[in-house]
Each structure stands twice: as C-alpha cells, then as structure tokens.
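The sequence and structure are shown first.

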Amino acid sequence: MKVVGLVSSPRKGGNSEIAVKEIFRQLPADWEKEMIRVNELNINYCTACYACVPEGARCRQKDDFNFLVDKIKEADKVVIAAPTYILGCHTAIKMVMDRLISLVADYNSFKKADCVIVSSYGYGGWEGMVKEDMQLFAKKLHLNVIGHEVMLATLPGDTVKGENLEKITGLANLLINGADGPIKPTTKGIECPICASTGFQVNPDGSVRCMLCSVEGKFMHGPGGLRFEYDPEFNHKFTNKSLDDHVQYLIDKKDLFLATRGEIKALQAEYAELDWWVTPAPKE
Ligand SMILES: Cc1cc2nc3c(=O)[nH]c(=O)nc-3n(C[C@H](O)[C@H](O)[C@H](O)COP(=O)(O)O)c2cc1C
C-alpha cells in the first residue's frame, strides 16, 4: 500500500506538515509513505495556451507538474493538508489546480485513490471557502474524498491537540478501514450531498444551485429543519459525462478560435493601441 501526503504551506513544521505526519504515524508501519511539499515544487502558472486541448495532448510546460500528477497516479491513498489563506486555499494549491485543466477528462488514467483532507484556519469564523477549494482540488486530481476536517489551528502543532487530534485519528482510521458511508459533514450548515460544498446560490424563485458541482434543487422544510432536495439524475459537474462535455466544449471553442483568428486579432489590435500600462522601474 502506498500513501502520498501533499503539504502546501510555507511554514516548515507547521500545522499542515504536522497533521500529515501524525496521520502517517498512525498508519500501518508497512505502508510505503511519501510526502511532497507542493509549494516548493517548481510549478508555473497556467499560460492559457490551450495546447493541452484536445485531451491526451499534455501540458507543454517543463516543470514539476507531471511529477506531482504521476505521484498521485501511483498512490493507493492520499492525504492533503493545507492552510486557509484569505478565506480560500493556499496559493500553491490554486496554481496546481489551474494546471489540472489539462487533465479534465483524464479520469481513466487515475486510480481514484481514497483521500483525506486537513484544512486548518487560524481565526475563528474565517475559514471562508477553504473546504470548497480543497474538495475541488481533490476532485480535479480524480481522487475519492472519504474524509475532510476543517479545524481551527493557529500556532504550529494545534492540529494535533485536543479535539483536533481526535479528528486526525478519525482520518487515519478512514484511510485504514475505508469509508462506510458518505463523507461526514464538517459544519452545522446544509452541505451539498454530492460534493460537500456549503456554498449555494439561492434564487428569488426558490431554486438553489450548488456553487461547486452546480447541482440544482430546492431547500425543503422537514422534521429536522431545512434540507436540500435535488434530482439524483441531474448531470452535475463531476459526472464522467460532464467532464467529457467540458473537454468537448474546450475543443469546440479552440476550433472556433482557429476559424475566427483573423477577426479576433483585428479586434485585439484595436485595443492594443490603447496603451495605459505602467511597470515598475528596473531594479539597480
Ligand atoms: C497569508 C495568510 C493568510 C491567512 N488567511 C487566513 C484566513 O483567511 N482565515 C483564517 O482563519 N486563517 C488564516 N490564516 C492562518 C492560517 O490558515 C493558520 O494559521 C493555519 O493553521 C496555518 O497552517 P500552516 O502552519 O500549515 O501554514 C492565514 C495565514 C497567512 C500566513
């Protein structure tokens, strides 16, 4: 059994690193273990060149992106830990996530390994959308998220103290024993039954859309209060069909770009003449 731990935090010996190490410590000794510090990999921004469209044409950038992807493909289990940075995921997670557009419908080349996530935040009530960002990151890596803990942890080591340590132990047990049901909620709020998101768009007509997987439904009154009801046949954004549709959409748009390139260039030229750019003075 091979388990890979991703840590994305500039803080060495910080909450995310200690959380992954504690989970690893609780896993069977004969499991092969590897940790990767995502923020120290050489990962460039996505340049929006669309050379990775159609699917199968890999990203052309020569950096550590494929190293990371190949490690995930090899892993039987994955642990991801990263802090909340300004109400969302850590910056390096976002940089990798953008690059994963090159693998949107590459789901068959991944094992869909079981994955647990630790999201720490330091200021009570300011975890923001970190859960949604991290769920999306794992889904874009075609992982099967079986557990996610969002925990208040400020000083290094807070992730392995008190009730946080119990949560960490729970995640380790999930990796060892597997999940026996849907992912446990991390909030008191209504969570999307498909992707665990807490972010919903509520429309004036009463319809509701999950902002992560895009499933549509309604909040209905029931004995336990409000619940989210939806059509289980809804083609939300994480079905294989949806992923295939997304790639087809990208291919169609790329074809349209190539067919109308002259027109687009003429329009761009008109705007290129408007030049208000400023840049910093060269450093001495
Ligand atoms: C740049 C920066 C932004 C942060 N933004 C938030 C935030 O929006 N909400 C919050 O609760 N904590 C925030 N924190 C605190 C960290 O999420 C928290 O301390 C976390 O446990 C650090 O994990 P680490 O030790 O693995 O880096 C921020 C910290 C830094 C350095």
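Angles under 35 degrees count as roughly parallel, over 145 as roughly antiparallel, 65 to 115 as roughly perpendicular, and the rest as oblique. Axes are lines fitted to C-alpha atoms, for helices over the stretch in contact, with angles from 0 to 180 degrees between N-to-C directions. Helices (H or I, at least four residues) and strands (E, at least two) are DSSP runs numbered from the N terminus.

The model is predicted: local features need pLDDT of at least 70, side-chain atom pairs count only at pLDDT 80 or more, and totals for chains, interfaces and linings use all residues. Residue numbers start from 1 along each chain as its sequence is written.

The axes of H1 (residues 15–26) and H5 (residues 162–177) come within 9 Å and cross at roughly 50 degrees. The two helices are therefore oblique to each other. In H1, Ala 19, Glu 22, Ile 23 and Gln 26 meet Ile 168, Thr 169, Leu 171 and Ala 172 of H5 (contact: C-beta atoms, placed from the backbone, within 7 Å).

## Ligand site

The ligand is surrounded by 20 residues, of which the closest are Gly 14, Ser 16, Pro 83, Tyr 121 and Gly 122. A residue is near a molecule if its C-beta atom, placed from the backbone, lies within 6 Å of it. H1 and strand E4 (114–121) each supply at least two residues of this shell.

## Overall fold

The protein chain has 7 helices and 9 strands. Along its principal axes, the C-alpha trace of the protein chain spans about 60 × 55 × 40 Å.

Conventions:
Contact = placed C-beta atoms within 7 Å.
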